[in-house]
Amino acid sequence: MFRSLSVFLRRCQPLQTNVRNNASFEIFHGTPKCKENSAVSVVLFGFAGSPIHQLEKMSSVYTELGYRTLYCTLPMKFTFSYDIENIKKCAEEVVLAVKKENISEVVCHSLSNNGGVLYQHFSQMAVSEPGLTIKGAVFDSSPGPIGIQNIQKYINISSINKFRPSRQTPVFLPMHLFGVNMANRVPLTQTLSEIVYQLKFFKNNWKRNKHVPWVGAYMTEQERQSWPLLFIYSKNDKLLPWRYVEEVIRVQTLTGRPVLSKLFDKSGPAGHVAHLKYHPTEYKEVVQKLLERI
């Protein structure tokens, strides 16, 4: 395991940071597989711990339709220690990569909250970047809440999806990391060591960045853009409260922007970022519907 991790880190170009440089960030490219190339490109943001072959499968959904892609995964150490400074540095790297490729129009596709967090900061930079326009955004198994709002996964009470605490709390963030690693089948000993590492940096990071909303709160309370949105989620998701996504959809629809959604009753045993695997035809069809809106 440690040997394979070492090989991966050597292969990736390290992102220089001011806080710490023990995580790497690399952006990959996908080329269209048909002659009818689109002027729009797709930027994919992977789920926490996502192996590159998972993003390659998602990239193929778009390259087969004639879209160029860029895809990357935000290091989960940054996400779960709430290291906003380094998250923003990763978002800046994506903006620079898009500009280097002379891309002017993009659709963002985010997987789980890890992808949603990177979308959150990339999109804020993109709207103030001359010559760069976001044409649409897809959320697969995202966005979700942080803290006490996760009780929605376990309590079926009418209108609980409208429950919005005035302050976000980080108390359950280590549990998020634990849940993600269990879903990724990471050994328990490694998970516990990562939680210890997380807590080492978390206190200071949260003190500096607690005013920055988690992606769920950001999509509910702050993002008010015009590009169309697509939400893909399932009722049996063990990590994401599907009723929370319903509330995000309701709020974004009320802003007047186009909002599409696809809710599955079940996507495999865990229901999280597994929709393409278990429902490939329906997944591609609903993605195509969003692309037709741009």
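Trainee: In what sense do β5 and β6 pair, and over how many bridges?
Mentor: Strand β5 (residues 133-140) and strand β6 (residues 229-234) pair in the parallel sense over 4 bridges, where pairing requires that DSSP finds at least two bridges between two strands and strands are DSSP runs of E with at least two residues, numbered from the N terminus. This is a predicted model, in which local features need pLDDT of at least 70, side-chain atom pairs count only at pLDDT 80 or more, and totals for chains, interfaces and linings use all residues. Residues are numbered from 1 along each chain as its sequence is written, and side-chain values use heavy atoms, with hydrogens and water left out.

Trainee: And what stands opposite valine 138?
Mentor: Valine 138 has leucine 230 of β6 opposite.

Trainee: What is the strand order in the sheet?
Mentor: The open sheet has 7 strands in the order β1-β3-β2-β4-β5-β6-β7, with mixed pairing. Because β1 (28-30) and β7 (259-264) stand at the edges with a single partner strand each, one side of each has no neighbour in the sheet.

Trainee: Which strands does α5 lie across?
Mentor: Helix α5 (residues 112-126) lies across β2 (41-45), β3 (68-72), β4 (105-111) and β5, and runs at about 155° to β4; such angles run from 0 to 180 degrees between N-to-C directions, with axes fitted to C-alpha atoms, for helices over the stretch in contact, meaning heavy atoms within 4.5 Å.
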